Amino acid sequence: MTEMIVFWGVLAAVSGAAAAVLLRRRNGRTRNADGLLVERAARDAAVDYRSADNGLAVHRVTPPMGDGFRG
């Protein structure tokens, strides 16, 4: 029983700390756009990475679309 009380106490403390951190933050706009630019660059890099690794780019042919294809 003591373990359960300790568990719920620790869980409540962590939840309270997380709530305090989130409430202490401001919800205003950022003063610069550095974070948005980093996010955009990462998103563009991910799109380039995904488009460079498809069947057409690797094999220069489209995969067969018949019933016998078990890709």
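This is a predicted model: local features need pLDDT of at least 70, side-chain atom pairs count only at pLDDT 80 or more; totals for chains, interfaces and linings use all residues.
The partners are Phe 7 and Trp 8. Their ring centres lie 5.2 Å apart. Their planes meet at 70 degrees, and an angle over 60 counts as edge-to-face, so this pair is edge-to-face. A pair of aromatic rings is described by the distance of the centres and the angle of the planes.

Phe 7 has 46% relative accessibility. That value falls between 20% and 50%, so Phe 7 counts as partly exposed. Phe 7 and Trp 8 also belong to a nonpolar patch on the surface. Ile 5 sits in helix 1. Its relative accessibility is 57%, and the cut-off for exposed is over 50%, so Ile 5 counts as exposed.

Step back to the whole chain. The protein chain has three helices and zero strands. From the N terminus on, the order is α-α-α. Buried residues make up 0% of the 71 residues. The accessible surface comes to about 7100 Å². Carbon and sulfur atoms hold 62% of that surface.

How confident is the predictor, and where? The mean pLDDT of the chain is 79. A value of 70 or more is reached by 63% of the residues. Among the elements, helix 1 (residues 2-24) has the highest mean pLDDT, 93. Helix 3 (residues 55-59) has the lowest, 63.

Conventions. Residues are numbered from 1 along each chain as its sequence is written. Side-chain values use heavy atoms; hydrogens and water are left out. Helices (H or I, at least four residues) and strands (E, at least two) are DSSP runs, numbered from the N terminus. Buried means under 20% relative accessible area, exposed over 50%, partly exposed in between (1.4 Å probe, protein chains only). Accessible areas come from the Shrake-Rupley method with a 1.4 Å probe; for residues, only the protein chains shown count as cover. Rings of Phe, Tyr and Trp (its six-membered ring) pair if their centres lie within 6.5 Å; planes under 30 degrees apart count as stacked, over 60 as edge-to-face and the rest as tilted. pLDDT is the predictor's confidence in each residue, from 0 to 100. Patches are made of residues with over 30% relative accessible area and no salt bridge: like charges are joined within 9 Å, nonpolar side chains (Val, Leu, Ile, Met, Phe, Trp, Tyr) within 5 Å. A salt bridge is a side-chain nitrogen of Lys or Arg within 4 Å of a carboxyl oxygen of Asp or Glu.
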